[in-house]
Every structure is written in C-alpha cells, then in structure tokens.
Amino acid sequence: MTGRGLRSTTTSLAIAEGTGYVHASVIKLVRSHADKLEQFGEIKFEIQFNPQGKPTQYALLSEPQATLLLTFMRNSPVVVRFKVRLVEEFYRMREQLKNTQAPAQLSRMEIPLLVSY
C-alpha cells in the first residue's frame, strides 16, 4: 500500500499476496469487474519485471476499488484477515495524509522558499 499524491492505493499484487490468491486470478477478477471498479475511478495498470526479466502487469487500485474487489472474493479465513488488515491500513494512511501538509496548502509567500536557486 502506498500514498500516491494525496490518495492511498494498493496493488493487485499486494491483494494476491495478502489473500493467498495467485496474482493471475486477482488480475482476472479486476478485468472481469472493471466496469464496476471504474465507477470509483480509472484503473491504472503498470508493469513490473521479475529478476528473470519477465513482465507482470498489475493494477493500481484506490481504497474503494480495492474494497469492492475484495467483496468479490470468497470469505475464507485468510481473505477475511486480509480485509481487516487492508481496512486498518487505509485508515492509518488516511490519518497520515491528513496530518501531512501538502504543497497546495502553502501560501504564495511560502512557495518560492521551496525553490532552490
């Protein structure tokens, strides 16, 4: 889970790891429910290369998208534990982001101080 800009995200890779699902199954679930997930914003895809150079495409998901995706999974004990951890982490990140001053909150007088000459 990462904070991108002022938005918390997670990946289909992290969801696969946390739930014990094979990533191919998770990304298939993302693709099959893309229309529903995109009601909460665009799904962004990125590629990661393993040490052998083989590419893996994964999805970057917002909190609502990740939460919805998890509702499509069976509630095995592992999945339920991961759902709880994911919700806790999103709340933790929201609090952390709320307490971080974003550049947009700086005054016009403070912005030039950020630029080094």
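Buried means under 20% relative accessible area. The structure above is a predicted model.

**Exercise 1.** State which residues of helix 4 are buried, and how they are arranged around the helix axis.

*Solution.* Step 1: helix 4 covers residues 63–71, and its buried residues are Gln65, Ala66, Leu69 and Leu70. Step 2: viewed down the axis of helix 4, these buried residues fall within an arc of 135°, so they line one face of the helix. Step 3: the general rule is that an α-helix has 3.6 residues a turn, so residues three or four places apart point the same way.

**Exercise 2.** Decide whether His23 is buried or exposed, and list the residues that His23 touches beyond four places away in sequence.

*Solution.* Step 1: His23 belongs to helix 2, residues 23–32. Step 2: the relative accessible area of His23 is 15%. Step 3: the cut-off for buried is under 20%, so His23 is buried. Step 4: leaving out residues up to four places away in sequence, His23 touches Ser12, Leu13, Ala16, Thr56, Gln57 and Tyr58.

**Exercise 3.** Describe how strand 3 and strand 4 are joined.

*Solution.* Step 1: strand 3 (residues 44–49) and strand 4 (residues 55–62) run antiparallel, joined by six bridges. Step 2: Phe49 has Pro55 of strand 4 as its bridge partner. Step 3: five residues lie between the strands of this hairpin, where Gly53 takes a positive phi near 90°.

**Exercise 4.** Find where the pLDDT is below 50.

*Solution.* Step 1: the chain has an average pLDDT of 82, and 79% of the residues score at least 70. Step 2: the pLDDT is below 50 over residues 111–117, a stretch with two contacts in the model beyond near neighbours in sequence. Step 3: where pLDDT is low, the predicted coordinates should not be read in detail.

Terms used
Residues are numbered from 1 along each chain as its sequence is written. This is a predicted model: local features need pLDDT of at least 70, side-chain atom pairs count only at pLDDT 80 or more; totals for chains, interfaces and linings use all residues. Side-chain values use heavy atoms; hydrogens and water are left out. pLDDT is the predictor's confidence in each residue, from 0 to 100. Contact means heavy atoms within 4.5 Å. Two strands pair if DSSP finds at least two bridges between them. Helices (H or I, at least four residues) and strands (E, at least two) are DSSP runs, numbered from the N terminus. Buried means under 20% relative accessible area, exposed over 50%, partly exposed in between (1.4 Å probe, protein chains only). The arc is that of the directions from the helix axis to the C-beta atoms.
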